[in-house]
Amino acid sequence: MDSQINDRIEDALSNHAALERLAEQVQPVLKEAEAYLPQGVLRLLHGEPLGHPLHPILIHLPLGGWVIAGMLDFLPFEPTAETEHAADLVLLLGTVGAIPTIAAGWTDWSNTRGQARRTGLIHGALNETAFLLNGASLLARRRGKRRLGKALSGTALGLVLVGGFLGGQLVYRHGLGVGHTLAVPQG
């Protein structure tokens, strides 16, 4: 896709005064919460021991689990007990793997500004909504409501795709984390 189209889509989603006001309210609360973390944990969440952000590395586990679950749930073949169990297992793995991914993402977001901060807020909100939907999907599946569980995780996968697009914009348009960690303000 042409980067100008990508930029116009991002602009349409993120260039709103109300979103800026929300980011201005959320970011200080997050910074205050970070003050309670040991410095070693904060440095790890920023990826400082690696020399680059941790969040982009961690995203592979939840995304991989959720995509494979979607493939097992929605490919045109008759599901078996084994494929349903495998879908549930990778969905669980992806959802549990999302926890440190979310923590690293919000830690990085706490140092963004401008449009990158607004885009990051949408990116995070979409992906955390997907996390919650996948958690609800796991509960529905466990209670024998497989169809509902598949609908919830399918919706979550759609949100993750939009969130991933915005994550790409954060890196490739705004340069977040390129060449260094997000322990310093960027955007």
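Trp106 and Trp109 lie three residues apart in helix H6, so about one helical turn separates them. Helices here are DSSP runs of H or I with at least four residues, and strands are runs of E with at least two, numbered from the N terminus. A search of the whole structure, which is a predicted model, finds one aromatic pair. The ring centres of Trp106 and Trp109 are 5.2 Å apart and the planes stand at 90 degrees, so this pair is edge-to-face. Rings of Phe, Tyr and Trp (its six-membered ring) pair if their centres lie within 6.5 Å, with planes under 30 degrees apart counted as stacked, over 60 as edge-to-face and the rest as tilted.

Helix H2 (residues 17-34) packs with helix H6 (residues 81-109) at an angle of about 115 degrees, and their axes are 9 Å apart. Axes are lines fitted to C-alpha atoms over the stretch in contact, and angles run from 0 to 180 degrees between N-to-C directions. H2 is therefore roughly perpendicular to H6, a label for angles of 65 to 115 degrees (under 35 is roughly parallel, over 145 roughly antiparallel, the rest oblique). From H2, Ala23, Val26, Gln27, Leu30 and Glu34 meet Trp106, Thr107 and Trp109 of H6, where contact means heavy atoms within 4.5 Å.

Residues are numbered from 1 along each chain as its sequence is written. Local features need pLDDT of at least 70, side-chain atom pairs count only at pLDDT 80 or more, totals for chains, interfaces and linings use all residues, and side-chain values use heavy atoms, leaving out hydrogens and water.
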